[in-house]
Amino acid sequence: MHITQLNRECLLHLFSFLDKDSRKNLARTCPQLQDVFEDPALWPLLHFRSLTELKKDNFILSPVLRSLSICWHSSRVQVCSIEDWLKSAFQRSICSRHESLVNDFLLQVCDRCPNLASVTLSGCGHVTDDCLSHLLRCCPRLRVLCLENCARVTNRTLAAVAAHGRALQTLHVDFCRNVSAAGLRRLRVACPRLALRAEHSAAMIPDQPPRGPPAPGLAVRKRLLR
């Protein structure tokens, strides 16, 4: 029996055992299998192990998507986590190649996947509070949000959870250095039923912007007072 003689249900089941690249390669062999590849029912789960995978065309975003994870474990994550004003020109050039990838991808998710129930972001140093707030507003069925080592996540994300995460049951903000103990306390008061975990986040040293030089007028006044 040839693979194309299988019914739609069997083909979807077969495709479900393949990774994204294998699904795409098999779909290229004939229009019938391409049609199976494009069936939203095949894509309730998406997992990405690097940011470059977000730019490929080997997956489908649709309202069927329920679980999304982007887990980037690379030496470049350490570079992205450095405070912007401390990065060298070379480090900034590295970050510029992928700085907007996750945010842009999540905006597409917001537009196409309103039924999303679980999101995990690990090592996504450039994901912003504004992007996560938009995700919470556009995905009202979101129940689980796990953030790990996301350096730009701050108390503003916690406030967005309190304001828009009505269905949220679990929130992890592990190793997110710009989340404070005060912000966590406020969220616990606002959402007492939320299962909240913040491993090491409030204990880490937050970003500290460099202090600029004093205003010229202030320096003159200080000299006059001496």
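Two strands are taken as paired if DSSP finds at least two bridges between them, strands being DSSP runs (E, at least two residues) and helices likewise (H or I, at least four), numbered from the N terminus.

## Basis of the model

The model is predicted, so that local features need pLDDT of at least 70 and side-chain atom pairs count only at pLDDT 80 or more, whereas totals for chains, interfaces and linings use all residues. Residues are numbered from 1 along each chain as its sequence is written, and side-chain values use heavy atoms, with hydrogens and water left out.

Six strands form an open sheet in the order 1-2-3-4-5-6, with parallel pairing. Strand 1 and strand 6 (195-197) stand at the edges with a single partner strand each, so one side of each is left without a neighbour in the sheet. The twist averages 5° from one strand to the next, angles running from 0 to 180 degrees between N-to-C directions of axes fitted to C-alpha atoms, for helices over the stretch in contact.

Strand 1 is joined to strand 2 (residues 67-71) by 4 bridges, the two running parallel, and Leu46 stands opposite Leu68 in strand 2. Helix 6 (residues 101-112) packs on the sheet, where it touches strand 1, strand 2 and strand 3 (118-122), and its direction makes about 175° with that of strand 2; contact here means heavy atoms within 4.5 Å.

## Between the domains

Domain 1 (1-42) and domain 2 (43-197) both give residues to the lining of the largest pocket, so this pocket lies between them; the domain bounds come from an automatic or database domain assignment.
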